[in-house]
Amino acid sequence: MIALTQAERMTTEQYIHHYTPTKIDGDFVGKHVVTVEQFARPDMEVLFQAAYTLRKRIHAGDRSVLDLCAGKVMATLFFEASTRTDMSFQAAMLRLGGEVIATSGGVQFSSVYKGENLPDTIRAVACYADAIVLRHPEVGSSYQAAYYLDQLAERLGHQSVVISGGDGVGEHPTQALLDLFTILDYKDSLDHLQVTMVGDLRYGRTVHSLSKLIAIYGATHISLNFVSPDALQMPTNVVKFLNESGIQVNQTSELNEVIGESDVIYWTRIQQERFANPADYDAIADHFIMTPSVLAGAKDEAILMHPLPRKHEMGTPADHDVLDNDARSVYFNQMENGMFVRMALLAKVLGVREI
Ligand code: NCD
């Protein structure tokens with residue numbers, strides 16, 4: 001019988017404490033991306049500048065960007081459903097001139113179906129790809145992947161990086177990067193802003209990462225409003241992180257108290273798939289529905305964001321039509337920005353130093 005190493009005996013979530021991802025610290029090359037805590041403001045500024053440049057060039061139809069990652073391969077490993085994260089990463093890599101691989105038919109046709117575990121799967125993929133985008137239902141999965149990839153790199157002599165595409169109810173670092181990029185696109189600075197996040201703040205990984213990223217980016221006189229039913233409040237570890245960063249946090253279940261003052265309104269879906277008990281979901285599902293009449297209470301200069309997909313929390317299809325035509329709704333721009341920010345990130349971790 002083979003003795004398990006300490007790492008193999010740990011739960012996936014324990015890797016968060018066991019594995020410390022390297023800070024970006026001005027150099028993205030060869031670094032895994034598993035948490036927003038790896039980024040400092042100058043790293044975000046470099047990344048966003050690259051994303052702006054790439055956006056400009058792509059919009060201008062400049063095909064010269066297409067060879068930045070020529071010869072590189074990105075693999076996608078999605079153990080949870082995805083449209084935007086998966087496809088924007090794929091499109092990003094293709095638009096950088098790189099190649100994309102995945103198991104034919106998705107992970108359900110990989111050896112995971114035969115019972116292979118994540119460390120073995122990730123090491124197999126690392127033999128074939130330079131970057132792996134991983135979405136997995138367990139918190140800490142990207143840390144676990146990074147831990148095993150570092151060990152494998154010592155054996156193989158070359159490093160593949162893992163980029164988290166969301167780890168369960170934990171973090172979604174690249175979504176936070178594109179969200180902050182979008183906020184800065186419209187607001188120039190975070191100073192003096194009121195940012196209001198609404199909905200399922202407990203299970204929504206996008207808001208966990210975004211609020212921490214905002215705190216790391218830093219701003220003077222910014223305030224964060226967290227609006228949710230009591231049962232779906234922002235996790236205490238995130239609130240603690242914000243408090244320690246000197247960010248003022250206002251937690252409430254009354255949207256009316258804050259919507260009229262908000263500069264950024266970040267709406268979220270209630271994460272039905274995360275509820276163990278369907279009755280708990282039913283009791284909460286109809287809280288906080290964004291409709292044209294709710295948006296009427298917001299400032300003219302406010303922006304309305306949503307990571308998407310949206311369900312009934314953005315009202316009926318008729319409501320969608322009205323919201324989509326409101327100048328304050330920027331969620332489609334946000335969605336498109338995902339590709340540019342992911343292009344910038346991929347290019348940087350794969351060794352492109354000048355964009
Ligand atoms: C989000 C996610 O998967 O966490 N979607 C996304 O990546 N754009 C939000 C959600 O599923 O509600």
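Trainee: How do the residues of the lining of the second largest pocket divide into nonpolar, polar and charged?
Mentor: That lining has four nonpolar, ten polar and eight charged residues. Here Ala, Val, Leu, Ile, Met, Phe, Trp, Tyr, Cys and Pro count as nonpolar, Asp, Glu, Lys and Arg as charged, and the others, Gly among them, as polar. Keep in mind that this is a predicted model, where local features need pLDDT of at least 70, side-chain atom pairs count only at pLDDT 80 or more, and totals for chains, interfaces and linings use all residues. Residues are numbered from 1 along each chain as its sequence is written, and side-chain values use heavy atoms, with hydrogens and water left out.

Trainee: And which residues lie nearest the centre of that second largest pocket?
Mentor: R135, R205, R269, L308 and P309, out of 22 lining residues. A pocket is an open set of points on a 1 Å grid over the protein atoms alone, with protein on both sides within 12 Å along at least five of seven lines, and lining residues have an atom within 4 Å of a point. The second largest pocket holds about 440 Å³ of space, where a volume is the space filled by probe spheres set on the points, joined across faces, edges and corners.

Trainee: Why does the second largest pocket lie between the domains?
Mentor: Because domain 1 (7-171 + 337-349) and domain 2 (173-336) both give residues to its lining. Those bounds come from an automatic or database domain assignment.

Trainee: Now the ligand. Which residues are around it?
Mentor: T85, R135, H172, Q175, R205, T206, R269, Q271, P307, L308 and P309, each with a heavy atom within 4 Å of it.

Trainee: How far is a polar side-chain atom of R205 from an oxygen atom of the ligand?
Mentor: The R205 distance is 2.7 Å. A polar contact here is a pair of N or O atoms within 3.5 Å. The protein covers 93% of the 320 Å² of accessible area that the ligand has on its own, by the Shrake-Rupley method with a 1.4 Å probe.

Trainee: Switching topic: what volume does the largest pocket have?
Mentor: About 700 Å³. Of its 26 lining residues, I16, E37, E171, K212 and N237 are the closest to the centre.

Trainee: Which element gives the largest share of that lining?
Mentor: That is α9, with five residues. Helices (H or I, at least four residues) are DSSP runs, numbered from the N terminus. By class, the lining of the largest pocket has nine nonpolar, eight polar and nine charged residues.

Trainee: How many cavities of 30 Å³ or more does a search find?
Mentor: Two, over the whole structure. A cavity is a set of points where a 1.4 Å probe fits but cannot get out. The largest cavity has about 60 Å³, and five of its lining residues come from α13, the largest share. Both domain 1 and domain 2 give residues to the lining of the largest cavity, so it lies between them.

Trainee: What lines the second largest cavity?
Mentor: A126, L149, L152, A153, L156, H158, Q159 and S160. Helix α6 gives the most, four residues. The lining divides into five nonpolar, three polar and no charged residues.

Note on methods: Helix = DSSP H or I, 4+ residues; strand = E, 2+ residues; numbered from the N terminus. Polar contact = N/O pair within 3.5 Å; in protein donor to acceptor, adjacent residues only side chain to side chain.
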